Amino acid sequence: MNNIFAVAGVVIKELYRRKDFYVLFILTIVICLVMASVNIFNDSQIIRYLKELCLLLIWISSLVIAITTTARQIPAEREQRTLLPLLAKPLSRTQLIFGKFLGCWLACGLVLVCFYAFFGALAASREHTWPLLNYFQAAFLHWVMLGVVIAMTLLGSLVFAAPSSNSTICLVIVLAILCVGRYLDLVALSLAEPGRSIISGIYYTFPHLEVPFGMRNLIVHDWPLIEWKFVALDALYLLAYAAAFLVAACLVFRRKAVN
Amino acid sequence: MNAILRTEKLRVEFKGREFRQLPKVALRGLDLEVNAGEVFGFLGPNGAGKTTTINVLLGFIQPTGGSASLFGIDVRQPIARQRIGYLPELTYYYKFLTAEELLRFYSRIFSLPRAEAEKRIDAVLKLVELDSARKRLIKTYSKGMQQRVGLAQALINNPDLLMLDEPTSGLDPLGRMKVREIIQRLKNEGKTVFFSSHELGEVETVCDRVAIIAEGELKAVGRVGDIVGQRASLEKAFLDIVGYQPQSTP
């Protein structure tokens, strides 16, 4: 575990010393503050639109940070040749993969804390309430969902040569899952065989990330808390997918020549 | 003598990228032994198999045949690398870290206790003369300074065996001299140094024994004086051994 934490520490340092996070965070703040200063149609519930917009920006920013940070980890180690002195030490390839995953995941957790703290402050400035447990549920499942995205991107970084192609492919897949994933079973029903079986197979195989994404509604519309057992079940479901992607990444990396 | 690095009938083949392309044989049954406390030069023309040998010894690639061990442990075990230091050719270390942070990171991988790690960091930074720049980000370092950071990371665990892959490549004469001095100092401390180089003058100065390989085969191994023999220099001996034929000018 010591080696995994050491690798993770370097990834976290990289994130806070690079400008990516600060740019996206400041952009989110600026857009939200500009929108907060406008009162369209004198709508008393305008705060809902503002919360919706802020959460959408948080989701986009977190996905961009998670995918781009993860996609460059192994390729940058190869390109800069830092992989050689690293693996020449008593560090196994599995530990390196797990360290990179943990670093990216924890770094994204810190990013989410900053974003949700800003969101909470923005909402409280208008509504004068702090539904902390609702925020916690949404942020927690968002973070666990990012674990799946990070593990998938890490696997992609070992399969695809360029970080840019990996980032694009992962972003498209994740956006597709979030936007149309839940409708695939309906699409399957309208198709003839073998299309129906293929689409149904995809529907039941890919990770469903809709629950964390749908948690936005919980805090936008001030809905009551979800039962904790369902939060735990969804977290376990997502972690199982993250673990599967990580195992696949380790198997691919073990077979790769490092030189 | 006590061999701490050993390869027996080491063979490495790389599969051809094209369909039906024959595999490329990088090493053909290499037998090598490096004894404790000696500075061993590993020579050969480009493409001879020097870096492939080092890559096998460090577990980066799997041999097709034969075996390799460090301190009697199969190189495929990560623990075989606990007592070695490795400096690769032309590496750009993490730009967003300082030298001190980089060394702290590597010392954690060796599981050095914190107090001991701090002592080692101080010692190696002084040795490579980077003490004054220890808190600067590596991205601000010159090429020579980066190479010395590389040497520092290779020494962080106080290794018994140091493997250097063309350590003076791309350095100016002053940088080369400093690296040579460091190797000499390590030799005086009783460390084993295994290094590949194209700088034959440098090899002649610091090495106890050398091995010369060409086309993946060991062509000669022995004390520098024995290999030079009646020839004028190690360079002349090297050219003779690898079979270099000067082209006659018309």
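User: Why is Ile219(A) called buried?

Analyst: Ile219(A) has 21 other C-beta atoms within 10 Å. A residue counts as buried if 20 or more other C-beta atoms lie within 10 Å of its own, as exposed if 12 or fewer do, and as partly exposed in between, with C-beta atoms placed from the backbone. Ile219(A) is therefore buried. This is a predicted model, in which local features need pLDDT of at least 70 and side-chain atom pairs count only at pLDDT 80 or more, while totals for chains, interfaces and linings use all residues. Residues are numbered from 1 along each chain as its sequence is written, and chains are lettered from A and ligands numbered from 1 in the order in which they are written.

User: Which residues is Ile219(A) in contact with, leaving aside its neighbours within four places in sequence?

Analyst: They are Lys51(A), Pro131(A), Asn134(A), Tyr135(A) and Ala138(A). Contact here means that the C-beta atoms of two residues, placed from the backbone, lie within 7 Å. For Ala123(A), 96 residues away along the chain, the C-alpha separation from Ile219(A) is 9.7 Å.

User: What makes the buried residues of α10(A) line one face of the helix?

Analyst: Ile219(A) belongs to helix α10 of chain A, which spans residues 210-220 and also has Pro212(A), Phe213(A) and Met215(A) buried. Down the axis of α10(A), the buried residues fall within an arc of 135°, so they line one face. The arc is that of the directions from the helix axis to the C-beta atoms. In general, an α-helix has 3.6 residues a turn, so residues three or four places apart point the same way. The cover over the buried residues of α10(A) includes α3 (46-79), α6 (132-159) and α7 (163-180) of chain A. After α10(A) comes Asp222(A), with a positive phi near 55°.

User: How many helices and strands does chain A have?

Analyst: Chain A has 11 helices and zero strands. Helices (H or I, at least four residues) and strands (E, at least two) are DSSP runs, numbered from the N terminus.

User: Why does the radius of gyration of chain A agree with that of a compact globule?

Analyst: The radius is taken over C-alpha atoms, and the globule rule is 2.2 Å times the number of residues to the power 0.38. For 259 residues a compact globule would be near 18 Å; chain A has 20 Å, which agrees. Buried residues are 38% of the 259 in chain A.

User: What makes helix α2 of chain B largely enclosed?

Analyst: Eight of its 11 residues (99-109) are buried, so the rest of the structure largely encloses α2(B). Among the buried ones are Leu103(B), Arg104(B) and Phe105(B). The cover includes α1 of chain A, together with α3 (114-127) and α4 (143-155) of chain B. Just after α2(B), Ser111(B) has a positive phi of about 55°.

User: Which residues touch the most other members of the largest nonpolar core?

Analyst: A nonpolar core is a set of buried Ala, Val, Leu, Ile, Met, Phe, Trp, Tyr and Cys residues joined through C-beta atoms within 7 Å. Of the 140 residues in the largest one, those touching the most other members include Phe101(A), Cys108(A) and Ala152(B). Helix α5 (residues 93-127) of chain A gives the largest share, 16 residues. Beyond four places in sequence, Ala152(B) touches Ala99(B), Leu103(B), Val124(B), Leu125(B), Val128(B) and Leu130(B).
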